[in-house]
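Please read the short report below alongside the sequence and the 3D view.

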Amino acid sequence: MVIRALLSVLVFTCVTGFAQAEEPYTEVEKLLDSSTTVLGQPFQYPNTGTASVTAVIVTMQPGEKTAKHLHEVPLFGYMLEGELTVSYDGHGKKIYKTGDSLIEAINVWHVGENTGTTPVRILAVFMGADGAKNTVVDK
């Protein structure tokens, strides 16, 4: 009986020890796991040249609008603060708020507007490549 109890403790310790060894962090919060954009488009990484990742924080004041633009490369966005309403040509509007994460539409013209009462701050991570434009502004 004692041997069976000791074996049970040993097995439990080994199993939980191995499980803990596989995860290098004590706390993980998944922000996004997606293979499609906010408009349901499957996306691929550009193969025009050497891979390049660009991370920026975009800040917009209440009432401020972006120029009409599109993205040629996948863009991960995370709303750090505020409320942003984005109008997508032919696809309607979507509202993003603090804590939301997304893969932005690719090659679809859109305009973003801070429709809240506080500044918007967005972490934008472009997953591009040499020869591909992260953002194209409509002229």
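How many helices and strands does the chain have? The chain has 1 helix and 9 strands. Helices (H or I, at least four residues) and strands (E, at least two) are DSSP runs, numbered from the N terminus.

## Basis of the model

This is a predicted model, in which local features need pLDDT of at least 70, side-chain atom pairs count only at pLDDT 80 or more, and totals for chains, interfaces and linings use all residues. Residues are numbered from 1 along each chain as its sequence is written, and side-chain values use heavy atoms, with hydrogens and water left out.

## The chain as a whole

Along the sequence, the pattern reads α-β-β-β-β-β-β-β-β-β. Of the 139 residues in the chain, 27% are buried, meaning under 20% relative accessible area (1.4 Å probe, protein chains only).

Among contacts (heavy atoms within 4.5 Å) with a separation of 6 or more, 78% are between residues 24 or more positions apart.

## The open sheet

An open sheet is formed by 4 strands in the order E1-E8-E3-E6, with antiparallel pairing. Two strands pair if DSSP finds at least two bridges between them. Strands E1 (51-60) and E6 (101-103) are at the edges with a single partner strand each, so one side of each has no neighbour in the sheet. From one strand to the next, the twist averages 20°, with axes being lines fitted to C-alpha atoms and angles running from 0 to 180 degrees between N-to-C directions.

E1 and strand E8 (residues 120-129) run antiparallel and are joined by 10 bridges. Val53 stands opposite Met127 in E8.

Definitions and conventions
Buried means under 20% relative accessible area, exposed over 50%, partly exposed in between (1.4 Å probe, protein chains only).
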